[in-house]
Amino acid sequence: MCGIIGYCGPKPAAPILVEGLRRLEYRGYDSAGICVVENGHLELHKKKGKLAALSSVLPPNVVGNYGIGHTRWATHGEVTDINAHPHIDGAGKIAIAHNGIVENHESLREKLTDDGYVFISETDSEVIVHLIHSLYEGDLEAAIKQAVQLLTGTYGIVAVHADEPNRVVGARNGSPLVLGIGDDEMFLASDVTAIVAHTKQVVYIEDHEVVTITPDDYRTTDLTDRPIDKKIEFISWELAEIEKDGYTHFMQKEILEQASSIKRAMQGRLNKETATGHLGGLNLSSKELLEIERVKIIGAGTSFYAAMVAAYLIESIGRIPCSAELASEVRYRNPVVERNTLYFAVSQSGETADTLYAMRELQRKGARVLGICNAVGATIPRESDGGVYIHSGPEIAVASTKAFTSQLTAFYIFTLIMARMRHMSFEEGSNFIRALEKVPDQVESILARSDKLAELAAKYAHFNNVLFLGRGLNYPVALEGALKLKEVSYIHAEGYSAAEIKHGPIALINEQTPSVFIVTNDSLREKVISNMKEVKARRGPVIALCVEGDTEVMAIADDHFAVPSAHELMYPYLMMVPLQMYAYHTALVLGRDVDQPRNLAKSVTVE
Ligand code: AGP
């Protein structure tokens with residue numbers, strides 16, 4: 001989604017803004033722009049396309065030392081230079097960059113047009129700059145405070161005024177905004193990746209707050225101008241974590257990191273002496289955990305598929321009724337919040353609008369919602385009633401990979417805790433821990449055989465449709481396998497429970513539609529093998545993801561990739577990792593933009 005940055009300090013702002021935007025590229029965008037104030041006038045440059053296009057039109061001698069920048073992910077209006085941000089007022093004094101959606105932009109536009117304002121873009125955001133201009137009486141911060149009260153919708157805004165030197169103002173409602181405190185320089189950004197090269201001291205701006213930065217100071221207030229004391233927080237990760245570090249793509253780096261990211265997610269959370277787990281952030285006593293009668297998990301995209309695996313585990317192993325639901329659906333169906341039900345909101349970014357709004361709706365109804373998140377300090381972990389960080393480190397590629405396996409880890413540990421408090425014996429708990437601790441090495445051994453996945457990708461990359469089929473715990477893995485492939489390769493891929501194909505999708509099977517079957521040695525194995533045979537009988541090519549030594553499956557499939565034999569509950573990890581690598585290699589074969597696939601955004605902050 002859109003990214004914003006603001007800078008105010010002693011250095012020329014333009015290169016800092018462009019560099020910040022480069023760090024925000026991962027969020028997904030289709031145009032970019034900056035506006036720097038130079039000698040009392042606005043120096044505005046914006047261009048559709050990638051940052052290289054913007055850089056090609058930037059004059060080398062822009063020296064102003066405060067300004068704003070934006071990467072736009074189009075919502076209202078096509079991808080054009082004019083629709084790109086920043087937007088400026090007719091007098092060329094005020095510039096704003098906006099993330100979010102102004103829902104009442106049409107009525108505001110009509111009114112401002114009646115008042116003589118001329119609109120040049122098709123965006124909803126342009127109303128903000130004219131509105132600020134109409135309310136401006138010599139104080140940008142004051143005008144912004146009045147203007148945002150007239151907006152319906154969401155916003156993260158940064159703004160400058162040509163006549164107010166060394167001042168950048170930001171405001172937030174529903175779109176993230178963070179302040180970075182440097183040495184005699186200050187930053188505003190939609191996320192910390194944009195500024196971590198300059199400072200690790202940050203302040204998270206909350207909804208309905210306004211922040212004004214000058215080179216050596218900042219001020220945070222509410223919309224009635226009441227000062228708000230904010231806590232300064234420290235970003236713990238290193239700049240190297242948001243660099244490619246010698247890899248060709250972030251997606252490749254993040255897939256390959258999984259042995260260590262899974263290990264990190266477990267660290268200090270498994271106790272062999274008591275054969276159980278410990279998740280400090282849950283903020284629940286043993287008594288409260290025992291009282292839980294139902295668990296409900298919400299999420300979107302990959303996080304939703306992790307939630308589906310978790311629901312299966314928590315119910316079948318933890319023996320607590322559990323369901324996963326798309327956050328986007330929960331919010332609008334007036335959900336019933338039941339007593340003794342624990343909710344989880346799972347999100348890599350912690351900013352996904354669908355998940356955040358659903359969480360707030362559940363909280364309004366009295367639910368206790370815990371977060372399972374990766375991005376430290378994001379809105380979901382801050383607003384949830386407790387929760388667990390998965391510690392994957394920054395995930396930059398738009399396609400989520402390492403966050404999925406770490407989300408699973410948090411849920412596996414939660415399952416262990418719940419099961420051990422109920423029926424699971426010490427011995428079973430010990431087995432579970434042993435099996436979980438083996439996963440990182442097993443993942444490593446799979447990744448060491450990535451060449452075989454590259455070969456499979458080369459063979460099947462030119463098919464236009466692919467089905468992914470699995471059952472039980474591996475059904476959500478099939479869904480996630482299909483999502484990965486379609487996201488990065490643009491091949492049409494669908495995931496189904498293998499049992500479902502006979503209810504419809506089998507009509508798609510012919511020589512041109514390969515099926516990827518996930519087959520383990522669980523109780524459903526024979527049924528999945530029958531489904532494979534049904535596909536073969538209709539000349540559908542079959543790729544099997546199976547367990548080492550499974551000669552029966554290998555003999556049926558046209559091609560296979562075998563994973564190490566493991567505890568039956570651990571296959572979601574071992575099957576997912578090769579599917580991620582398969583998607584990655586397919587995207588390479590097809591020459592796709594692996595890290596920033598078309599139309600996609602990393603953090604989806606609009607509904
Ligand atoms: C994952 O590959 C996707 N890009 C997307 O489905 C993502 O998982 C979804 O938007 C939810 O994001 P979150 O985990 O940050 O909430």
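Between which two strands is the loop where Asp184 is found?

## Two backbone details

This is a predicted model. Asp184 is found in the loop between β9 (177-181) and β10 (186-189). Asp184 has a positive phi, about 55°, although it is not a glycine.

Another loop holds a second detail. Pro86 has its place between β4 (66-72) and β5 (87-88). The peptide bond that joins His85 and Pro86 is cis. Its omega is about -5°.

The ligand sits in the second largest pocket. Two elements give two or more residues to the shell around the ligand. They are α9 (301-316) and α16 (474-489).

Now step back to the domains. Domain 2 (245-443) gives residues to the shell, and domain 3 (449-592) does too, so the ligand lies between them.

## What surrounds the ligand

There are 15 residues around the ligand. Those that come nearest are Ser303, Ser347, Gln348, Ser349 and Thr352. By type, the shell divides into five nonpolar, eight polar and two charged residues.

## Contacts and burial

In one, a ligand oxygen is 3.0 Å from a polar backbone atom of Thr302. In another, a ligand oxygen is 2.7 Å from a polar backbone atom of Gln348. Glu487 takes part through its side chain: an N or O atom there is 2.7 Å from an oxygen atom of the ligand.

How much of the ligand does the protein bury? Taken alone, the ligand exposes 410 Å². The protein buries 91% of that.

Definitions and conventions
Residues are numbered from 1 along each chain as its sequence is written. This is a predicted model: local features need pLDDT of at least 70, side-chain atom pairs count only at pLDDT 80 or more; totals for chains, interfaces and linings use all residues. Side-chain values use heavy atoms; hydrogens and water are left out. A residue is near a molecule or strand if one of its heavy atoms lies within 4 Å of it. A polar contact is a pair of N or O atoms within 3.5 Å; within protein, one must be able to donate a hydrogen and the other to accept it, and residues adjacent in sequence count only if both atoms are side-chain atoms. Accessible areas come from the Shrake-Rupley method with a 1.4 Å probe; for residues, only the protein chains shown count as cover. On a 1 Å grid over the protein atoms alone, a cavity is a set of points where a 1.4 Å probe fits but cannot get out, and a pocket is an open set with protein on both sides within 12 Å along at least five of seven lines; lining residues have an atom within 4 Å of a point. A molecule sits in a cavity or pocket if more than half of its atoms lie within 2 Å of its grid points. Helices (H or I, at least four residues) and strands (E, at least two) are DSSP runs, numbered from the N terminus. Ala, Val, Leu, Ile, Met, Phe, Trp, Tyr, Cys and Pro count as nonpolar, Asp, Glu, Lys and Arg as charged, and the others, Gly among them, as polar. Domain bounds come from an automatic or database domain assignment.
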